[in-house]
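Student: I'd like to take a close look at one part of this protein chain and see how it sits among its neighbours. Could you walk me through it?

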Amino acid sequence: MPAAITPQDLRFMRIALEVAAEGAAIGEVPIAAVLVHEERPLASSHNFRETWQDPTAHAEIIVIRAASKQLGTWRLLDSTLYVTVEPCAMCLGAIILARIPRVIFGARDPKAGACGSVFDLSQEPRLNHRVAVTGEVLDEESQALLQEFFRNLRFDGKLVEELRQEDSL
């Protein structure tokens, strides 16, 4: 059973939500991660998939790379990863390989979540490392960011289409 959520967990999730909002402001889907090592934030990022046109530019991957570089090791023991949305299979694979022992996430991802929504790699017995996962922490806030982003995207898309139709008249 996952450990109880602490006030510190909520604080770091709120930081992740702030970073996610920064991503939304530049046109990225508002997903962000904060890696905390020995109770201090070591790295944070939002997705950069659209900006870099890189399908692997997920916040979790970026943060794992930055933290590994700072610590000089790929083993991110004594760390917790805070993510605004449930990690996908690629990201959970990287989390497992980096030996991150704990993940806290906000919104579930019913289409790609690898921590129980689509499948659960965090407790897969055939893998050499397990991850303690706690989900739906500040879930409403995480979902609200996503919903607002996609609502604005649909509105902007509709507005662009309306302008195109007007130009063709």
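How many of the residues of strand β3 (residues 79-85) are buried, and what does that say about where the strand sits?

Tutor: Happy to. Keep in mind that this is a predicted model. Seven of the seven residues of β3 are buried, so the strand is largely enclosed by the rest of the structure. For this count, buried means a relative accessible area under 20%.

One partner is β1 (residues 32-37): five bridges join β1 to β3, and the two run antiparallel. If you want to find this pairing on screen, look for Leu35, whose bridge partner in β3 is Leu81. Another partner is β4 (residues 102-107), which is also joined to β3 by five bridges, but here the strands run parallel. A handy landmark for that pairing is Val83, which stands opposite Phe105 in β4. As you look along these strands, remember that in a regular strand the side chains alternate between the two faces of the sheet.

The protein chain has five helices and five strands, and from the N terminus on, the order is α-β-β-α-α-β-α-β-β-α.

Follow β1 onward and you reach the loop between β1 and β2 (40-46), where Glu38 is found. Most residues other than glycine have a negative phi. Glu38 has a positive phi, near 50 degrees. Glu38 counts as exposed because its relative accessibility is 54%, and the cut-off for exposed is over 50%. You can find a second case of a positive phi in a residue other than glycine at Glu136, where the value is near 65 degrees. Glu136 lies in the loop between β5 (132-134) and α5. With a relative accessible area of 46%, Glu136 is partly exposed.

The largest pocket has a volume of about 530 Å³. It is lined by 23 residues, and those closest to its centre are Val29, Ile31, Val85, Asp109 and Leu146. Val85 brings us back to our strand, as β3 covers residues 79-85. Among the helices, α2 (49-52) and α5 (139-168) each supply at least two residues of the lining, and α5 gives the most, with four residues. By type, the lining residues divide into 11 nonpolar, four polar and eight charged.

The buried residues of α1 are Asp9, Phe12, Met13, Ala16, Leu17, Val19, Ala20 and Gly23. Seen down the axis of α1, these residues fall within an arc of 165 degrees, so they line one face of the helix. The face of α1 turned away from its buried side carries the exposed residues Pro7, Glu18 and Ala25. The length of α1 can be checked too: at 1.5 Å a residue, its 19 residues should span 27 Å, and its end C-alpha atoms are 27 Å apart, which agrees. Just after α1, Gly27 takes a positive phi of about 95 degrees.

Methods: Residues numbered from 1 in each chain as written. Predicted model: local features only at pLDDT ≥ 70, side-chain atom pairs only at ≥ 80, totals over all residues. Heavy atoms only, no water. Expected span 1.5 Å × (residues − 1). Buried < 20%, exposed > 50% of the residue type's maximum accessible area, 1.4 Å probe, protein only. Arc of directions from axis to C-beta. 1 Å grid on protein atoms, 1.4 Å probe; cavity = no way out; pocket = protein on both sides within 12 Å on 5 of 7 lines; lining within 4 Å. Points joined across faces, edges and corners; volume = space filled by probe spheres on them. Nonpolar A, V, L, I, M, F, W, Y, C, P; charged D, E, K, R; others polar. Pairing = 2+ DSSP bridges.
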